[in-house]
Each structure stands twice: as C-alpha cells, then as structure tokens.
Amino acid sequence: MNYARFLTAVSAARKPSPIRLLTELQQRSPPSLISLAGGAPNPNTFPFQSATIKVKGGDDVVFDETVMKRALQYSGSYGIPELVSWMKNLQESLHNPPTASYSPEKGQMELCVTTGSQEGLCKIFEMLVNRGDNVLLDAPTYSGTLAALQPLGCNIINVPSDQYGIIPKSLKGVLAQWDPADVQNTGSTVPRLLYTIPNGGNPTGASMTLERKQEVYELARKYDLLIIEDDPYYFLQFQKPWAPTFLSMDVDGRVLRTDSFSKILSSGLRVGFITGPKPLVDRVVLHIQASTMHTSTFTQLMISQLLHSWGQDGFLKHIDGVIEFYRCQRNAMLSSADKWLKDVAEWHPPMAGMFLWIKLKDIKDTQQLIMERALEKEVLLVPGGAFNINSSDPSPYVRAAFSLSTPQQIDEAFRRLADLIKDAMCLTD
Ligand code: PMP
Ligand code: PLP
C-alpha cells in the first residue's frame, strides 16, 4: 500500500513532538532513570491523593498514592502501555487480522487509544480528506460523522443501502463512473475513502452480512479505497457468532477500524481505539500529540485495572450481560411498535445496537412533526433528516432509541407517537 497518496497536506506536514517522544521513552524506562526532560509538573503539588472505585460484582479499582500520582500525570500519546497491550490482544483474538500483527516482523498493525471514537474519526478524516475529494458512505448516517466530514469541504457520495447495509451492486454501480487504472494519477477524482457503520447502524440499525463485506472489500481493492470501519455497536450484536469484521479480512492494510467503550463501559469516560495500518495510526497520533496529548491517564488506568482484573473472559462475560439488556429492550420496543404503529409505520428489527429506524407511511417529512408537535404530546424522537447528507432534505423516518427508557415508557411513547401521527394525518386530509 502506498499510504502517502491518502494523506492531506496538513497531516503530511505533522512532525513528532520531541517532548512527546521523550514521554513515550520515559514510560518504558526503569524507575532508576533520572529525567530532567519533559515539562511534567510535580504531582506532589496536586490535591488528589488516592481513590477507590467500587466495581459491581468484582474487584474494586484501587489507586494508592503511587498509582494516583501516575494517574494524575502526563502519559504517552498512543495510550498507557498496559491498556494498549490488553487491547491489542483483544483485537487479535476477536479479529485475527490476516497479514497484520502488531509485531514489526509480521506486519504493520498499530493501535492507539482515543478520547472516544468520535475523536478518532474526526482525526482520521482530517488526515485523509481534502477539499473537493469524493468520499463514499451509506446515508443516512451518524450525524457526528457528517459534522466531522462536511466542514472539510468534501463531496459526499451516497451509496445505496438497505437493512443489511451497503448494497455491493450499488457500490459497484457508483464506482463504475471511474476507471481503476486512473487511481494513482495525480488529480484523479476516484474516491479514496469509504466510511460505514457495519453493525447496528446509527440511525438505521442496519448490520452488514459477511458476504456483503467481502464484496465491498474486493471493490475497495479494485479501486484502492481505504475503509473506515466505525463499529461502536460491535459489542451490541444480539446474535452469536458475531459477524466477521472488515479488519478480519484486511489482507492489504486498507482498513482503519474505530472501536468504542462508550456503549459497554462508559460513554462519559471517553475511551475509544483506532486499529489499522501503522503508517496511518502513527499520523493520527501526531495529531493527538498536538491536540489532547493523550486520553486522560486517570481514565485509562481505571479502565486498564478493570480489564486486567477481568481478563478477556471476564470482559466478554460483562458484554454478554450488556447484550442481554439491550436485546430485552429491543424486544420490548418491537412489541410496542407492533401494538401501536403497525398501521402507520414500518421498520426492520435491528440485529445490533440501540436504535429502531421507523418509516412513517403517510408523512413525507418528520421534521415539523417532531420539532413542533411532538413536545406538546411529551414524546421525543430524532427526525430522520438529521442523518441525511443534506439535513434539509425531507425524511419520512424517525429514530427511536431503546437504550434509556423502560419498556413501560417505550410503550407509552409509542402510544403518544401513534396519536401524534393520526392527528397530523387529520390535519393534512
Ligand atoms: N501551553 C504551554 C505554554 C505549555 O507549556 C503546555 C504544557 N506543557 C500546554 C500549553 C499544554 O497544557 P495542557 O497539559 O493543559 O494541555
Ligand atoms: N460512531 C457512531 C456510529 C456512533 O453512533 C457514535 C456515538 O453515538 C460514535 C461514533 C461516537 O462514539 P464515542 O462515544 O466513542 O465517541
């Protein structure tokens, strides 16, 4: 892979911070090292002394005074070594990337911690997207992605999709306007990036099948595309075995995968990961060096201690519990939808994630319905337009999250929504 052709001028111009390099070095040095380098403040002057964080049904996370000093201090930009290595092992066991391994002799894989996957995505786009570039994605898509991409001035091309995500035949059709032989030419307009949410898509709830991923990956090879696999709902797949990921089939090193702990450990702690080709992850880390420096050391230590005490088995057992919760919630939402919305709307049961994407049969645009009239009925959903490439395009959809409300609340919400729709239809009659 020639990664240079993918980089923006801004990203290519990033240089390592000499002080950050020293921090990485210091992280791996014995305590006998006397460092007069860096600009780390003295943690003895900090007011926080120690901490115990109670963990449900397991060992507590305990920071004694020594650990606390480390938790309050600067750390390396890739992430603290014990969390990075735990995550590398997890990625190896879950995805077993074909060529890729983290060891230099086997491959060119790298992993870094991000302050949530949103930060990772934003920095990935900044690294790869120039003004005027053609970027492929299956809309409707996560509004945070659009918020990060659109200001870069790229031309977003929609790839038609259904409840199984991107339709490979449609992607082939979209790409047919370009000649793969043109790819390496300077000034070529061939897209270089395909972004997708492969499981429990936000907002559509769509999940891609293995066959579709394989076909999309082959097209990515033909046109030398990078695939951004934004997979925060990977751990919320209701059916086992979980679908193989793009990362698991990445023989070339063209997949940048973003993972998130937001839906399984904590959304407020802000921890995510990028896994992908080392030359690209290294560029993201240069950006991190120049912006946040690193994800909170306190947060990383807290999560790392928990993961090390759980081990992979304990982690996956925790995930099973989370999945069970969301599966029940999904089922509750589906039965309430059947009860109240059958005549006025349609939907596909989501196989992952926390969203039901509901198409209202007789309403062309849900914007006004939700933003103006829903509050009067005391029910709130997201109008589908929020996820369109052009947010003012009409959308007959609403997104309902089954994550936070009780089954009783969900039922009452859909009763109110059905009422609202019926009222709106009387008005337009
Ligand atoms: N500005 C200056 C002048 C600094 O010396 C430093 C830290 N060495 C920073 C900004 C970054 O500070 P922070 O740790 O709050 O990101
Ligand atoms: N990507 C998608 C598809 C999401 O739905 C979300 C959160 O809603 C994110 C990324 C951001 O996640 P994080 O909290 O890890 O930044």
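This is a predicted model: local features need pLDDT of at least 70, side-chain atom pairs count only at pLDDT 80 or more; totals for chains, interfaces and linings use all residues.
Residues are numbered from 1 along each chain as its sequence is written, and side-chain values use heavy atoms, with hydrogens and water left out.

Let's start with the whole chain. What is its radius of gyration? It is 23 Å, taken over C-alpha atoms. That agrees with a compact globule, because 429 residues would give a value near 22 Å by the rule of 2.2 Å times the number of residues to the power 0.38. Along the principal axes, the C-alpha atoms fill a box of roughly 80 × 55 × 35 Å. Buried residues, meaning those under 20% relative accessible area with a 1.4 Å probe, protein chains only, make up 50% of the 429.

Now the secondary structure. The chain has twelve helices and 15 strands; these are DSSP runs, with helices (H or I) of at least four residues and strands (E) of at least two, numbered from the N terminus.

Let's look at one sheet. Four strands form an open sheet in the order E12-E13-E15-E14, with antiparallel pairing; strands pair if DSSP finds at least two bridges between them. Which strands sit at the edges? They are E12 (345–346) and E14 (382–383), each pairing on one side only. Strand E13, residues 355–360, is joined to E15, residues 397–401, by five bridges. For lysine 359, the bridge partner in E15 is tyrosine 397.

How values were computed: Chains are lettered from A and ligands numbered from 1 in the order in which they are written.
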